[in-house]
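Visitor: I would like to learn how to read a few features of a model. Where shall we begin?

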Amino acid sequence: MQEWLYGDGAVFGKKGYYQQARIGKDLDFYTNVSVGKFFGYCMGYYLHTILTQNALKGKIPVVEIGSEKGDLIADIAEFFSIFYPECALDFATLEPLESLRILQQETFKRRNPNLGFHTFCDFKALKNAQYDYILFVSNELLDAFACELIWNDKMAFIHKETLELTFESASKEVLELAKTFKITKGEIPLHAFGFVESLTNCASKWLFLSFDYGSLESRNAFSLRFYQKHTTENLFLDSTTQHYNKELLKNFALMDMTYDVNFTLWQEVFSRFKGKPWFIHHQNRALVEMGLDKMCSLYIEKFGLESYAQQSNKLRTLISPGAFGERFFGFVFANF
């Protein structure tokens, strides 16, 4: 999965799926960010509330992880520029892929030509910037973590020459994680602990605000699936068996690969590094509690009811139970 999504072509001879932009209504799939600016504006409003209620002072950035084209961080920065220009914030992305760093810089400069912007290639570079607080944001990041597929005491292997998938004896590391998270069948993100440890080491105080698709606990069933041109196909023909669609594995790096996020798993990981869950809610409830109505009032006051009416249809996609509203979760972990 790591090679499929992010690889440089060294193993299978093809560059990973995310080596170029893939998200958008005219591409393979779209997200909350694709719907319009109000998603990022609501995140901006919530972050401003956090800044004021906690009287956060010092050198503070909003850092998006997994930004792709950079539209979300540009939306958040635009919100602050319009409604709270007095806030002295830095805006940045953390992006290991150079091709996407260039794209993010271009997007931000076009959208916010008067604001400064940074792209960090890794957590070490971000830590070296010596921020007092860091406000991390992301959208559909955790479901893109490379995972192992576990089946009791076995794990999946892909054979390079035939692309055949077989379940064989699991490594000690995978078995320990499966026991820790009480998973007998399903996906286990191996790099979760390393990711959160690196994130929390970047500043003494931090907050992680994100949205993702998943469930509050392990379902003990496979959810690994592929997206292309707004259609989805499950790898396993039955989520509780080992029978899989062999044809899908022939599309190496041509389709997005994802799975349901286990939020209980991530809550345990963040707790190991003193991260407290402020909330984990369905997206519609999360956005309302973050101040969606107040953000809309600000928008109407600034741009008028007619302009708001043109945007309001997009809000329905974000909060409707039949769209994104109850299929996704919003969540915050922080150590202050």
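Guide: Begin with a hairpin: strand 10 and strand 11 form one, with 2 residues between them. In the turn, K229 has a positive phi of about 50°. This is a predicted model: local features need pLDDT of at least 70, side-chain atom pairs count only at pLDDT 80 or more, and totals for chains, interfaces and linings use all residues. Residues are numbered from 1 along each chain as its sequence is written, and side-chain values use heavy atoms, without hydrogens and water.

Visitor: In which sense do strand 10 and strand 11 pair?

Guide: Pairing takes at least two DSSP bridges between two strands. Strands (E, at least two residues) and helices (H or I, at least four) are DSSP runs, numbered from the N terminus. Here, residues 225–228 and residues 231–234 pair in the antiparallel sense over 4 bridges. Y227 has T232 of strand 11 as its bridge partner.

Visitor: How is a pair of packed helices described?

Guide: By the angle between their axes and the distance between the axes. Axes are lines fitted to C-alpha atoms over the stretch in contact, and angles run from 0 to 180 degrees between N-to-C directions. Helix 11 (residues 292–303) packs on helix 12 (residues 305–319) at about 160°, with the axes 9 Å apart.

Visitor: Which word describes how helix 11 and helix 12 run relative to each other?

Guide: Angles under 35 degrees count as roughly parallel, over 145 as roughly antiparallel, 65 to 115 as roughly perpendicular and the rest as oblique. Helix 11 and helix 12 are therefore roughly antiparallel.
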